Amino acid sequence: MGKYFQEEIECAPVEKIKALQDELLPKQVRYVWDNVLYYRKKMEAHGVTPDDIKSTADLYKLPFMSKADLRDAYPYGLLAVPLSDCVRIQSTSGTTGKRVVAFYTQGDIDLWEDCTARAIVAAGGTKDDVCQVSYGYGLFTGGPGLDGGSHKVGCLTIPTSSGNTERQIMFILDLSATILCCTPSYAAYIGETFKEKGYKPEDIPLKAGIFGAEAWSEEMRRDIEKTLGIKAYDIYGLTEISGPGVAFECSEQNGMHINEDHFLAEIIDPKTGEVLPEGTQGELVFTSLDKKAFPLIRYRTRDICTLTREKCSCGRTHIRMSKPKGRSDDMLKIRGVNVFPSQIETVLMNNGYAANYQILVGRVNNTDTFEVKVEMTPDMFTDNIGEIQARRKVLEDGLRSMLGIKAKVTLVAPKSITRSEGKAVRVIDTRKI
Amino acid sequence: MSVNQVSVFLENKPGTLKKLTKVLAAHKINIRALSLAETSEFGIVRMLVNDVFEATNVLKENNFVASLAPVLAYAIADEAGDLDNLLEKFSAADINIEYMYAFAGKERAYMIFRVNDTKEAEALLKSKGLKSLTQEEIAAV
């Protein structure tokens, strides 16, 4: 297999990639027009038909899709194949507790797993490697995505899923895992735990890590690389487009190659929607070129980054994206999980608290801290400390089940959270990313 | 008769108790007994005050969360052994004390008890010859 998983396409001349995109895009646009009523209506309202799209140069004529469209069309509104052709769903958290559900045909899964396999090989993975997948398995795309790629590469796959750090460490040591796939904050935690147990980097069999699903800094990368004695690679993706592997880092660790044969990337001005030239910072927009079940056209990721086509010495020719700087809306990514303030609000209201709360996100030892300050209310107050603690526990459990991650709830005095006249300052994020 | 205790939620950080006493002082509310229970993040101040109605009103106006809890107050002799005598009767009646606090007056000492079932406990102790203090009696101490 060597250096690349699919060398012919990964290292294809740029002209060839562009020709492929020019061929795929008009077909894909006609495909969604024919099969998805929601798209047809949206394109009609925008005054554009498939006849107007002759190549990628016409991409700008098409309307954008956003998370709001996904919510409007939930659950089946954007499905382009009969449900009987689908073999899987994956899901991401959405606002007000409504999740985004993405559908996959077997072909879509294959395509996605090719992408994660490319990422594993780019990180030095071969069939001789032991790949421990410590991303969560289940609705979250992290576990299933890397698991599938690991199989394609032919690695011995250890599907530990996330959590139970003692067991993670046991498998890494006992089965000599060489590649670790998880969120960067979990990698940092695993590293810390090794350190506490007295392991030096050279005692740890890992040689590479593929970390994504949350924003992380170069500083954090260096920390993880040092404690685990590995090379750490970034991977990017989103459930709406397929999952991790939409883009991945190569040996150069200088931007992530977007799998352009499947995903067409643009950078736009988030305010005006105008397409920006290469190298300019803006919002990343994706069009899936050959997915069948859930093919999104011009989907706004809200991730802010830049694109570059500068030659990469790894040999891959696909365009590279910089590490996203942050989201253009209020969504928080905490420990790899999407968190919306409105979800927290829902849990508070359901438990008898008012919507007076504040979310504090920080980072201690490379792991995200997540605290929710909630104002005590007359209804929730009692003279009994044990009872107050029990009610707080109910709240923490409710948040955990809504969000999928643990939040620390701190009860504060009434009116102690600053009220705002405009948009409430709900989030204080002190992470330096 | 049980006595109404005022319980107030406070954050466990510098200055929060002072905020409470400032409000009470401004309204000339006299604290007769006070106890503070704390966790690492918050605490509950429990007080007997001379004017329960006024106290709860001004606390509410000043954005405190407060509630009333019935407690039993007993006067004992301010001398060695008398609390033991009193608790002997609690034990005999099998009454569980959730929490208690105490203060000493000029002649006597006053013991405040929070129990699970105030009415039942009061009746049981009464049958053993113990008479709990009324709100007025506490205020007059």
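**Exercise 1.** Which residues on the other side of H11(A) are exposed?

*Solution.* The model is predicted: local features need pLDDT of at least 70, side-chain atom pairs count only at pLDDT 80 or more, and totals for chains, interfaces and linings use all residues. Residues are numbered from 1 along each chain as its sequence is written, and chains are lettered from A and ligands numbered from 1 in the order in which they are written.

Step 1. Helices (H or I, at least four residues) and strands (E, at least two) are DSSP runs, numbered from the N terminus. H11(A) covers residues 385-403.

Step 2. A residue is buried if 20 or more other C-beta atoms, placed from the backbone, lie within 10 Å of its own, exposed if 12 or fewer, and partly exposed in between. The buried residues of H11(A) are Arg392(A), Leu395(A), Leu399(A) and Leu403(A). Because they cover an arc of only 55° around the axis (taken from the directions from the helix axis to the C-beta atoms), they lie on the same side of H11(A).

Step 3. The other side has Gly386(A), Glu387(A), Ala390(A), Lys393(A) and Ser401(A) as exposed residues.

**Exercise 2.** Describe the side of chain B that touches chain A.

*Solution.* Step 1. Counting C-beta atoms, placed from the backbone, within 7 Å as a contact, 14 residues of chain B are in contact with 13 residues of chain A.

Step 2. S1 (3-11), S3 (42-49) and S4 (66-77) of chain B each supply at least two residues of this side. S1(B) gives the most, with 4 residues.

**Exercise 3.** Outline the fold of chain B.

*Solution.* Chain B has 5 helices and 6 strands, in the order β-α-β-β-α-β-α-β-β-α-α along the sequence. Of its 141 residues, 29% are buried.

Methods
Two residues are in contact if their C-beta atoms, placed from the backbone, lie within 7 Å. The expected span of a helix is 1.5 Å times one less than its number of residues.
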